[in-house]
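Work through the exercises below with the model open. Try each task before reading its solution.

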Amino acid sequence: MLPARFDYHRPETLDEALELMDRFGDEAKVLAGGMSLIPLMKLRFASPANVVDINRIAELSGMSESGGELRVMAVTRNSELETSDLLRKRYPVMAAAAPLISDPIVRNRGTIGGALAHADPAGDWGSVMLALRAQVVARTTSGERVIPIDDLFETTFTTTLLPNEILTEVKVPAPNARSGGAYLKLERKVGDFATVGVAVQLSLDDGHISSAGIGLTAVGTTNVRPGEAEETLVGAEPTEEAFAEAGRRAAAAAEPMTDVRGSAEYKRHVVEVFVRRGLALAQQIAQGS
Amino acid sequence: MQITVTVNGTERKADIEPRLLLVHLIRDVLGLTGTHIGCDTSNCGACTVLLDDVPVKSCTMFGVQADGRSITTVEGLARNGQLHPIQTAFKEEHGLQCGFCTPAMLLTGAALLDRNPQPTEEEIRWAISGNICRCTGYMNIVKAIEAAGQAMASQKAPAATSS
């Protein structure tokens, strides 16, 4: 399969890339890992006149934690996130999700920023970032804006990014000491999209849940935050009953479609079970057991 | 667009359209047909090559992205007429049936042994989970990668003690 013709641009710096985006706007697509864009171009669902390859921009790669937040640059590969000690120790929901994304070879190319900008409701990072209440940074030649993750996803494959903006980094608030997270994904085989995925993040304080974040994968037109499930948890004791109630509320918030991966009813049931199990796992991590 | 790629240790130049996929650059322009095209959708992994020693699916990259970088294909595994230990191990352990997935399995296996010389069975199965063998000959593929790791360790052992 051959994509339609395009002009290829390979800026070495972010400033150069931003100038190209200013010049071409919606006539250009940003190429990060390419694991979604290139298949779409091969199928001619996308035929951008210009491709701006940001893979060689050194400043767009890597991650660091300081000042109460984790910054992950957009072109950081999933394989790097999968093997990060920092994520394993401090951001277990990210460490759990990374190795479940596609397959190991695709993870050598696929990037966190590319995945978020692609806005696939079956994408795993979107749910993880909802659970973590992350923000993304969007840059243009004239400056930057910080977008809360809830405001990024408009609908399937559509974000609120402007045509000349490049998503340059993800900012995750650092969790407090007594917190934990988990990502559970049901897939038919390695490399398949999620039938259902669930990301959870919990913080505990004096035997109560001080904050809770949940994100759902592949059960709506975007990654879904089941707000009522989160609300029932905050202030509650971390009990089986509380987790079960959150599971029921999350299942009610899910809007899955019946497809080859399962019926809507089945997927809703999986959401309920995974939220319950994920919260129990997150609690164990938070309590250091 | 003019590009220069180091392929199996040799610098190659080509003038290609940006839309040309890496796998077509390798097979059709450079004439190295050991890299196979399977599903053409980045699912099967038959087109796996090493880009700067990291396995990638060459059906889902553009050839121009390899400009200035180094590619290893199955043709680059043997050196000076000597099979790479992983090739010997696939032969000894019958790690192939129809052979279609084999070039990719060899490269993925070699890259794994590069960073993890003594992988467990679990680690091997995890590493090759992006490469599909439609003959389902996984048992012997896993055995062959294990055997290659052992062979490479015993080759290296004398050098390590003498230094």
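This is a predicted model: local features need pLDDT of at least 70, side-chain atom pairs count only at pLDDT 80 or more; totals for chains, interfaces and linings use all residues.

Residues are numbered from 1 along each chain as its sequence is written, while chains are lettered from A and ligands numbered from 1 in the order in which they are written.

**Exercise 1.** Describe the fold of chain B.

Solution. Start with the elements: helices (H or I, at least four residues) and strands (E, at least two) are DSSP runs, numbered from the N terminus. Chain B has five helices and five strands. Their order is β-β-α-β-β-β-α-α-α-α. Next, take the radius of gyration over C-alpha atoms; the globule rule is 2.2 Å times the number of residues to the power 0.38. Chain B has a radius of 16 Å, close to the 15 Å from the rule for 163 residues, so it is as compact as a globular protein of that length.

**Exercise 2.** Find where chain A touches chain B.

Solution. Count contacts (C-beta atoms, placed from the backbone, within 7 Å). They link 22 residues of chain A with 23 residues of chain B. On chain A, the elements giving two or more residues are β1 (7-9), α2 (37-42), β3 (50-53) and α6 (104-107). α6(A) gives the most, with three residues.

**Exercise 3.** Check the span of α11(A).

Solution. The expected span is 1.5 Å times one less than the number of residues. Helix α11 of chain A (residues 264-286) has 23 residues. From first C-alpha to last, α11(A) reaches 32 Å, close to the expected 33 Å. Just after α11(A), G288(A) takes a positive phi of about 70 degrees.

Methods. Two residues are in contact if their C-beta atoms, placed from the backbone, lie within 7 Å.
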